[in-house]
Structure formats: C-alpha cells, structure tokens
Amino acid sequence: MLRFLHVITALESGARGYILKGIAGPTLIMTVRAIAAGDSYITPDLAARLLASPLLKSKPVNASGVSIPQLTVRENQYCAKSRSD
C-alpha cells in the first residue's frame with residue numbers, strides 16, 4: 001500500500017502521467033508523445049491498483065478541477081425533497 005503513496009503524491013502534485021517498470025517500448029513512446037501533447041496517461045494496470053487502494057482520497061472536483069465542497073445536512077435534505085416533488 002505504501003508503494004502507491006509516491007504515485008498518488010506525484011499525481012496530486014501535477015504529474016501528467018505515471019508508468020511502471022517493464023512497459024513495452026511502443027507503449028512508452030506512445031505515452032511520452034501523449035504527455036508531450038498535453039494528455040495524461042497511467043497504465044490500465046496501475047489505474048486499477050490505485051482505484052482499489054485505500055490511500056486514494058476521493059475529492060470531488062468540477063470540470064475546471066476546483067474542489068467541490070460537500071453538501072451540508074440541510075442541503076442534502078433540500079435536494080432529496082426537490083427530487084421527490
């Protein structure tokens with residue numbers, strides 16, 4: 001679990017991608033090109049491991065990447081009421 005801490009820290013600090021050792025040459029080239037073009041990349045295997053890790057903190061964000069504060073109890077009640085109306 002602690003081995004993922006450095007990956008999570010790197011991604012939270014702005015890393016655009018992360019790959020594991022042993023990645024195939026063509027995939028490495030594709031990854032470097034994608035990141036250079038402004039895209040993000042992590043291997044599907046690493047993504048699955050990270051999503052299963054309890055170290056990953058879910059922080060809701062909007063489309064601009066700004067954190068969305070959690071709703072208060074009263075706000076949740078209002079939303080539940082308006083959905084039932």
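## Questions about a predicted chain

Me: Let's start with Thr 31: is this residue buried or exposed?
Reply: Happy to begin there, keeping in mind that this is a predicted model. Thr 31 has a relative accessible area of 3%. Since the cut-off for buried is under 20%, Thr 31 counts as buried.

Me: Which element holds Thr 31, and which residues does Thr 31 touch, not counting those up to four places away in sequence?
Reply: Thr 31 lies in helix H2. Not counting residues up to four places away in sequence, its partners are Ile 19, Ile 23 and Tyr 41.

Me: Where is Thr 43, and between which elements?
Reply: Thr 43 counts as buried because its relative accessibility is 12%. Leaving aside neighbours within four places in sequence, Thr 43 is in contact with Tyr 18, Ile 19, Leu 20 and Ile 23. As for its place, Thr 43 is in the loop between strand S2 (41–42) and helix H3 (44–52).

Me: What span does helix H2 reach from its first C-alpha to its last?
Reply: Helix H2 covers residues 25–36, which makes twelve residues. At 1.5 Å a residue, the expected span is 16 Å. The model comes close to that, with a reach of 17 Å.

Me: Which residue just after H2 takes a positive phi?
Reply: Helix H2 ends at residue 36. Just after H2, a phi of about 100 degrees is found at Gly 38.

Me: How many salt bridges does the structure hold, and which side chains meet there?
Reply: The structure holds one salt bridge. Its N to O distance is 2.9 Å, and the side chains that meet are those of Arg 49 and Asp 45.

Me: Why are Arg 49 and Asp 45 separated by about one helical turn?
Reply: An α-helix has 3.6 residues a turn, so residues three or four places apart point the same way. Arg 49 and Asp 45 both belong to helix H3. Because they are four residues apart there, the separation is about one helical turn.

Me: Which residues is Leu 71 in contact with, leaving aside neighbours within four places in sequence?
Reply: Leu 71 is found in the loop between H3 and helix H4 (73–84). With 46% relative accessibility, Leu 71 counts as partly exposed. Leaving aside those sequence neighbours, its contacts are Asn 76 and Cys 79.

Me: In what order do the elements of the chain run from the N terminus on?
Reply: The chain has four helices and two strands. From the N terminus on, the order is α-β-α-β-α-α.

Me: Which element has the highest mean pLDDT?
Reply: The chain averages a pLDDT of 78, and 75% of the residues score at least 70. Among the elements, H4 has the lowest mean, 76. The highest mean, 91, belongs to H2.

Terms used: Residues numbered from 1 in each chain as written. Predicted model: local features only at pLDDT ≥ 70, side-chain atom pairs only at ≥ 80, totals over all residues. Heavy atoms only, no water. Buried < 20%, exposed > 50% of the residue type's maximum accessible area, 1.4 Å probe, protein only. Contact = heavy atoms within 4.5 Å. Expected span 1.5 Å × (residues − 1). Salt bridge = Lys/Arg side-chain N within 4 Å of Asp/Glu carboxyl O. pLDDT = per-residue confidence, 0-100.
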